[in-house]
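This report looks at a strand and its partners, and then at pairs of aromatic rings. Please keep the sequence and the model side by side while reading.

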Amino acid sequence: MSNIAVAAKPRLRILIVSAYYWPETAGSAPYVTDLAEYLRSQGHGVTVTTAFPHYPAWRSTAGGRLAVREERREVLIRRRWVYVPTRQSLVRRGLYEASFLCSGLTGLRLSPAPDIVLGTSPILSAACLSAAAARFYGVPHVLVFQDLIGLAAEQTGLRGGSRVARFLQAAEHRLARGAASVGIAAEGFRSYFAEAGVSPELIFRVRNWTRRVEPSPNDVQSRADLGWGDDEFVCLHGGNLGLKQGLDNLVRAAALLRDQRVRIVFAGDGSERERLERRVRELGLSNVGFVISPPPGRFEALLEAADIVLVNQRASVTDMSLPSKLTSYFAGGRPILAAVSASSETAREIEHAKAGLVVPPEDPEALCSAILSARELGAEFAALGTNGLRFARDQLDRRRILADVETRLCSLCGYPPHGERFEQVEDQVPSGTSGDGTLR
């Protein structure tokens, strides 16, 4: 009789439901992709139910296809067609959500069945589909909320959103109460769910981790190559260009700064991009530029070439979301100037990191004044970027955050997390075997 290491239980089979996934590079997609691939690397079987890529440009890449199966880094990806609105309205948003849910329901039958379902909710129908899948298979499910959809209906400026906000909040609360555990991207979400009846011990923080890709020599461009003068003070806004961002504020500030050698750069895409470009042309602003969603590496190089980075939100946006761009901003070491509500999750995170300055939203004069002050302060303001870099290193470590999520999933299934997956048992060892029971 000898001791050999054998698997205590088979690996977990995890179904992840998300409207956004690779190759999308904005919003929650990179984080969902990281999580799926990390879980697979730890020996779990991972299937992702998602849509065809469409965000942030809001243009479907389905090309007439209703469904495809593909694989990337051993993660099985099942894509379904969804209706993608090119312009945002309450009705179009409703059709978008409904189509994701209905298309997803047609692809629920998996073999083998999952042991647990994890849903991510920048859209409410992903949470609904997660709950439906968990009930279908009779397994627990976890919901991770990147945005609070009920509050978003009120705060993002979508016409008619306030009329359905109460219904959406009730649905969001009910879905959260039915989950085995609830992950939150921002600390302010905790009270939202606790007050709705979710047990506090079931709520856990899932910070968006740092995803910095170091620029290669080919990624780096001089300011001259980018069309930026050496004597210009460059303020860069990266990420989604949508309704929630309220980016007319930056355009109006740029108009006030047109003779001040200050350049505003939009690096990203979104539903508002074409309208913003048209508005810039109408105003004849030569100090505003647009860069289409730069890939990883190139985006970090753009951050490093800028003097400061900008966050802008509508005044009504307070506790509904925490911009994922902040992790890149912190890790890039550039000081942040945020025109956001003082009571917003964005303001709290920046102030917690001591990485920038918050000014009133929808006030181009205040933003203009802050930009000029940042230029005058020079190294003193730039030092705030060092604080952000330290915060990213100390609080936003990718592997630690992902390992915490894995531990929670394993715990809910009564399964030891990575590093504790195997136990010693007595058994006969046939001649010539190594006794290595490691699972990949």
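How many of the residues of strand S10 (residues 233-238) are buried? Six of its six residues are buried, so strand S10 is mostly covered, where buried means under 20% relative accessible area with a 1.4 Å probe and protein chains only.

## Basis of the model

The model is predicted, so that local features need pLDDT of at least 70 and side-chain atom pairs count only at pLDDT 80 or more, while totals for chains, interfaces and linings use all residues. Residues are numbered from 1 along each chain as its sequence is written, and side-chain values use heavy atoms, with hydrogens and water left out.

Strands here are DSSP runs (E, at least two residues), as are helices (H or I, at least four), numbered from the N terminus.

S10 pairs with strand S11 (residues 262-267) in the parallel sense over six bridges, pairing requiring at least two DSSP bridges; His237 has Phe266 as its bridge partner in S11. Two bridges also join S10 to strand S13 (residues 308-312), again in parallel, and Leu236 stands opposite Val309 in S13.

## Aromatic pairs

Rings of Phe, Tyr and Trp (its six-membered ring) pair if their centres lie within 6.5 Å, with planes under 30 degrees apart counted as stacked, over 60 as edge-to-face and the rest as tilted. By this rule there are nine aromatic pairs, among them the tilted pair of Tyr20 and Tyr55, at 5.1 Å centre to centre and 50 degrees between the planes. Tyr20 is buried, with a relative accessible area of 5%, and Tyr55 is buried at 18%.

Technical notes: Buried < 20%, exposed > 50% of the residue type's maximum accessible area, 1.4 Å probe, protein only.
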